[in-house]
Amino acid sequence: MNAIGMLVQQLETVNVRFHHVASVVTPELVTASAGPRSNPVGFLMWHMARTQDWAVHTAMRNVPELVRSAPWSTMPGISTPGIGTGFGNEEARELAGRLQMPQLIRYADAVSAAAIQWVQSLDERDLDSIPDVAAHDAPFAEYQTPGFQAEMDSGPEHDEAVGKSGGQPVWLYLTSVCVTHLHRHLGEVDLTLGILTGRAG
């Protein structure tokens, strides 16, 4: 299997796990959290889908995110500007209260399908290109907040890539932001659900 095929397989696995977790999230659990300072389940799952939409479409491709078009742009909660990075606890809870899980699953599926279709169109040489993420983010106020920028400009993968090549290449955005980052949050949601319901992952 070549690099493109492996990336597609990894993206598909994220979507499979997303469905597995979402299948047990009742309307009551969408707004539930493990503690008063923990993020609600629905917010975490929204953050995962939004992060992938931003990373693929704005950060790397510099094209409109799916959330900016119908039907997603009219859906309460889903259409909230930003990806959740830097949101306060009350803001996260308010967003979760406006989500409907069936809509969120459809949005996550659409984002995953678009990401996979794009990756399949790439040549392996494209994976080493370094997108101008700062320029791509510049038109959007939600991507200029201190909280968002602080997280995007930190982390071991980011620091090593900037030190070696001046920025994060496409392959790193895909493996780190669109795959590994989402698996971490899927584990967080699974643990939260275990605490709330006694369900083992």
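Author: Start with the rings: Trp54, Phe140, Tyr143, Phe148 and Tyr173 are linked into a cluster by ring pairs. Rings of Phe, Tyr and Trp (its six-membered ring) pair if their centres lie within 6.5 Å; planes under 30 degrees apart count as stacked, over 60 as edge-to-face and the rest as tilted. Before going on, note that this is a predicted model, where local features need pLDDT of at least 70, side-chain atom pairs count only at pLDDT 80 or more, and totals for chains, interfaces and linings use all residues. Residues are numbered from 1 along each chain as its sequence is written, and side-chain values use heavy atoms, with hydrogens and water left out.

Reader: How many aromatic pairs does the rule give?
Author: The count comes to nine. One of them is tryptophan 54 with tyrosine 143, tilted, at 6.1 Å centre to centre and 55° between the planes. This pair links distant parts of the chain, 89 residues apart: tryptophan 54 sits in helix H3, tyrosine 143 in the loop between helix H6 (133-137) and helix H7 (146-152). Helices here are DSSP runs (H or I, at least four residues), numbered from the N terminus.

Reader: Is tryptophan 54 buried or exposed?
Author: Buried means under 20% relative accessible area, exposed over 50%, partly exposed in between (1.4 Å probe, protein chains only). Tryptophan 54 has 1%, so it is buried, and tyrosine 143 is buried at 1% too.

Reader: What about the rings of tryptophan 72 and tyrosine 107?
Author: In general, you describe a ring pair by the distance of the centres and the angle of the planes. For tryptophan 72 and tyrosine 107, that's 5.6 Å and 55°, so the pair is tilted. Tryptophan 72 is in the loop between H3 and H4, and tyrosine 107 is in helix H5 (residues 101-120), 35 residues away. Both residues are buried.

Reader: And how do I read the backbone angles?
Author: Most residues other than glycine have a negative phi, and most peptide bonds are trans.

Reader: Which residue has a positive phi although it is not a glycine?
Author: Asparagine 62, with phi of about 60°. Asparagine 62 is in the loop between H3 and H4, and is partly exposed at 47% relative accessible area.

Reader: Where is the cis peptide bond?
Author: Between alanine 70 and proline 71, with omega about 5°. Proline 71 lies in the loop between helix H3 (41-61) and helix H4 (89-96).

Conventions
Helix = DSSP H or I, 4+ residues; strand = E, 2+ residues; numbered from the N terminus.
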